[in-house]
Amino acid sequence: MAISVGERNDDDHPEPATRMSDLRLYVNVDHVATIRQARRTDEPDPVTAALECERAGADGITAHLREDRRHIQDDDVVRIARQITSVFNLEMGCTEEMVGIAIRLHPYQVTLVPERREEVTTEGGLDVVREAARLAPCIDRLRDAGIRTSLFIAPSERAVRRSHELGVEAIELHTGSYAHAPTSRDTLDDLRRSAALGRELGLAVHAGHGLTVRNVRPVAAITNIEELNIGHSIVSRAVFVGIRSAVREIADAMQEARSSST
């Protein structure tokens, strides 16, 4: 499918909002699309959900356009890019097709993520050490197009340093290990050390995967992390309280944790 968003000025991207003591919330709307695709109908609409998240105070919108199009569709990312007033973080695999789409769409940021057809969701970070030769051309093309790039990585010193060498502007630390064992000091320490190293190297540090109102506070309290990407728990909670309330609940938890850490 040829993606086109019409005429756009490359300078039109708004800068990310800074609130919550410099901790931003980006809402991933993939799971709204998952519900829609279960019936192959037109509702619920992930773009409407994105706009509602913005009204609730979300600082940005994230969506993952997978190669198999299991949830978010090409038309969704076009409409998100056209209609939201915050910033758009497009998650995608490092493939020729996806890089072409990103260049035509020109989101504020592209986050390169690993993709395996057999997985239900993204279960780990990119192997930036072994895959550096494959990732580098994608990053170069995105940079040449004026698109900010981020890599979704495991919270390890080796991965952070290799990401810096690849020349990206940001990293997103995979919080899955922490989410599965939130009382483990080791998983939280890994996040703290990786976030501190990333900031020391001049990278913007983001984090996400498996974060909920119940477990987000320790991660939000890590002052070197400036952005959290959260989707599934917000959409799940929205079934009971509505999406604006679900966004506000997790934003309040983040704010409380960040305020107590400064």
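**View 1. Helices α10 and α11 pack at an angle of about 130°, with their axes 7 Å apart.** Here α10 covers residues 232–241 and α11 covers residues 243–261. Helices (H or I, at least four residues) and strands (E, at least two) are DSSP runs, numbered from the N terminus. The axes are lines fitted to C-alpha atoms, for helices over the stretch in contact, and angles run from 0 to 180 degrees between N-to-C directions. The two helices are therefore oblique to each other; under 35 degrees would count as roughly parallel, over 145 as roughly antiparallel, 65 to 115 as roughly perpendicular, and the rest is oblique. α10 passes α11 in a right-handed crossing, that is, the near helix is turned clockwise from the far one by less than a right angle, with anticlockwise being left-handed. On the α10 side, the contact (heavy atoms within 4.5 Å) uses Ser233, Ile234, Arg237, Ala238 and Val241. Facing them from α11 are Ile243, Ser245, Ala246, Val247, Glu249 and Ile250. Sorted by type, that makes seven nonpolar, two polar and two charged residues. Ala, Val, Leu, Ile, Met, Phe, Trp, Tyr, Cys and Pro count as nonpolar, Asp, Glu, Lys and Arg as charged, and the others, Gly among them, as polar.

This is a predicted model, where local features need pLDDT of at least 70, side-chain atom pairs count only at pLDDT 80 or more, and totals for chains, interfaces and linings use all residues. Residues are numbered from 1 along each chain as its sequence is written, and side-chain values use heavy atoms, with hydrogens and water left out.

**View 2. Helix α2 (residues 46–55) is largely enclosed by the rest of the structure, because seven of its 10 residues are buried.** Buried means under 20% relative accessible area, exposed over 50%, and partly exposed in between (1.4 Å probe, protein chains only). The buried ones are Pro46, Val47, Ala49, Ala50, Leu51, Cys53 and Glu54. Cysteine 53 has a relative accessible area of 0%. So who are the neighbours? The buried residues of α2 pack against β1 (24–28), α1 (30–39), β2 (60–64), α3 (74–83) and α11. Just past the helix, glycine 57 takes a positive phi of about 110°.

**View 3. Cysteine 94 and cysteine 138 form a disulfide, with their sulfur atoms 2.1 Å apart.** A search of the whole structure turns up one such link (a pair of cysteine sulfur atoms within 2.5 Å). Cysteine 94 sits in the loop between β3 (87–92) and α4 (96–105), while cysteine 138 lies in helix α5 (residues 132–144), so the pair, 44 residues apart, links distant parts of the chain. The link is right-handed, with 95° about the S-S bond. Cysteine 94 counts as buried at 10% relative accessibility, and cysteine 138 does too, at 9%.
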